[in-house]
Amino acid sequence: MDMTLTEQCREQGYCVLPSVFSEAEIEIFRTATTENLGRMGRTRDISHSYHLAGFHRFPSLTAVHTRIAGNDRLARFLTACYGDTPYYALGLSDITVNRSQHWHTDLLRGRYSHFLDQCDPWSEEAGVCLKALVYLQDGSSLRLVPRSHLSPLPLDDAALECLADTEDDIVRVEVRAGDVVMMDIRALHRGSTDDDMRSTTLVQHPKILVSTVFGPIASPLSCAMAIGNAHRMADWDRLYLNR
Ligand SMILES: O=C(O)CCC(=O)C(=O)O
Ligand SMILES: [Fe+2]
């Protein structure tokens with residue numbers, strides 16, 4: 001079973017691992033998130049939208065990260081992907097609450113793209129980085145261009161938006177609460193629209209997404225992503241972190 005899922009992830013750039021987290025765990029994750037809303041950034045002009053970059057750094061949320069990064073089902077999948085190559089969670093983690101997401105890849109882009117100057121993410125030796133997206137409610141916010149991870153894309157959101165506009169092969173990924181989407185960070189994808197996220201029913205029933213990125217230890221892409229992301233996070237902290 002993992003063989004077909006790893007194959008799908010390798011060939012299409014994503015796959016869905018069903019029912020990885022139980023209802024009880026989902027509740028623990030949702031409660032931890034809502035208890036920490038006060039420390040989160042407000043990065044969209046929607047008052048009930050929140051984001052916490054690098055949530056694994058915060059003592060009240062490290063347990064959530066540990067449950068994800070240490071989950072047996074994820075470990076089996078990642079071991080099937082990476083074989084004998086040891087992997088780690090490279091430090092790129094996010095909790096988003098009612099947050100829209102335009103077309104993008106999860107590589108370092110825009111002002112952070114230069115951190116990839118010494119590393120070609122599409123080369124054989126770069127190593128594949130995979131994001132685990134843990135959905136804490138049913139939904140189908142994620143849209144993705146299958147196989148888009150296989151050939152170079154610009155590290156610029158405006159250019160990616162244009163590319164997506166001309167793309168007709170787009171899949172909408174349906175998930176149930178507790179499912180995990182494993183996605184190659186080079187894949188072209190988008191999440192919820194601003195209009196979706198404006199709905200006031202989300203105040204009582206927030207859309208919560210928790211994610212973390214894995215990569216082979218010391219692979220060129222893992223290193224570049226870890227270093228560039230540390231800079232991105234430091235900037236993010238200065239702008240959004242409540243002290
Ligand atoms: O909202 C979604 O379903 C996708 C979010 C996303 O692109 C991400 O977390 O990297
Ligand atoms: Fe993304």
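Q: Which residues does Tyr 135 touch, leaving out those up to four places away in sequence?
A: In this predicted model, Tyr 135 sits in strand β4, which covers residues 130-135. Two residues count as in contact if their C-beta atoms, placed from the backbone, lie within 7 Å. Leaving out residues up to four places away in sequence, the partners of Tyr 135 are Val 175, Ala 177, Asp 179 and Leu 209.

Q: Is Tyr 135 buried or exposed?
A: Let's count its surroundings. Tyr 135 has 27 other C-beta atoms within 10 Å. A residue is buried if 20 or more such atoms lie within that distance. Therefore Tyr 135 is buried.

Q: What is the C-alpha to C-alpha distance between Tyr 135 and Val 180?
A: Along the sequence, Tyr 135 and Val 180 are 45 residues apart. In space, their C-alpha to C-alpha distance is 6.4 Å.

Q: What share of the chain's contacts with a separation of 6 or more joins residues 24 or more positions apart?
A: The chain has 8 helices and 9 strands. Among its contacts with a separation of 6 or more, those between residues 24 or more positions apart make up 87%.

Q: What radius of gyration does the chain have?
A: For 243 residues, a compact globule would have a radius of gyration near 18 Å, and the value for the chain agrees with that. Its C-alpha atoms fill a box of roughly 45 × 35 × 35 Å along the principal axes. The radius of gyration of the chain is 17 Å.

Q: Which strands each supply at least two residues of the shell around ligand 1?
A: The residues around ligand 1 include Ser 141, Leu 142, Leu 209 and Ser 211. One strand spans 139-144 and another 208-216. Each supplying at least two residues of the shell, these are β5 and β9.

Q: How many residues of the shell around ligand 1 are charged?
A: Among the residues around ligand 1 are Gln 101, Asp 106 and His 189. By class, the shell has 3 nonpolar and 6 polar residues. The number of charged residues is 1.

Q: Where is Ser 19 found?
A: Most residues other than glycine have a negative phi. Ser 19, however, has a positive phi near 45 degrees. Ser 19 is exposed, with 12 other C-beta atoms within 10 Å. Its place is the loop between β1 (14-17) and α2 (23-35).

Q: What is the phi of Ala 218?
A: Ala 218 is in the loop between β9 and α8 (220-240). Ala 218 is exposed, with 12 other C-beta atoms within 10 Å. Although Ala 218 is not a glycine, its phi is positive, at about 70 degrees.

Terms used:
Residues numbered from 1 in each chain as written. Chains lettered and ligands numbered in written order. Predicted model: local features only at pLDDT ≥ 70, side-chain atom pairs only at ≥ 80, totals over all residues. Helix = DSSP H or I, 4+ residues; strand = E, 2+ residues; numbered from the N terminus. Rg over C-alpha atoms; globule rule 2.2 N^0.38 Å. Near = placed C-beta within 6 Å. Nonpolar A, V, L, I, M, F, W, Y, C, P; charged D, E, K, R; others polar.
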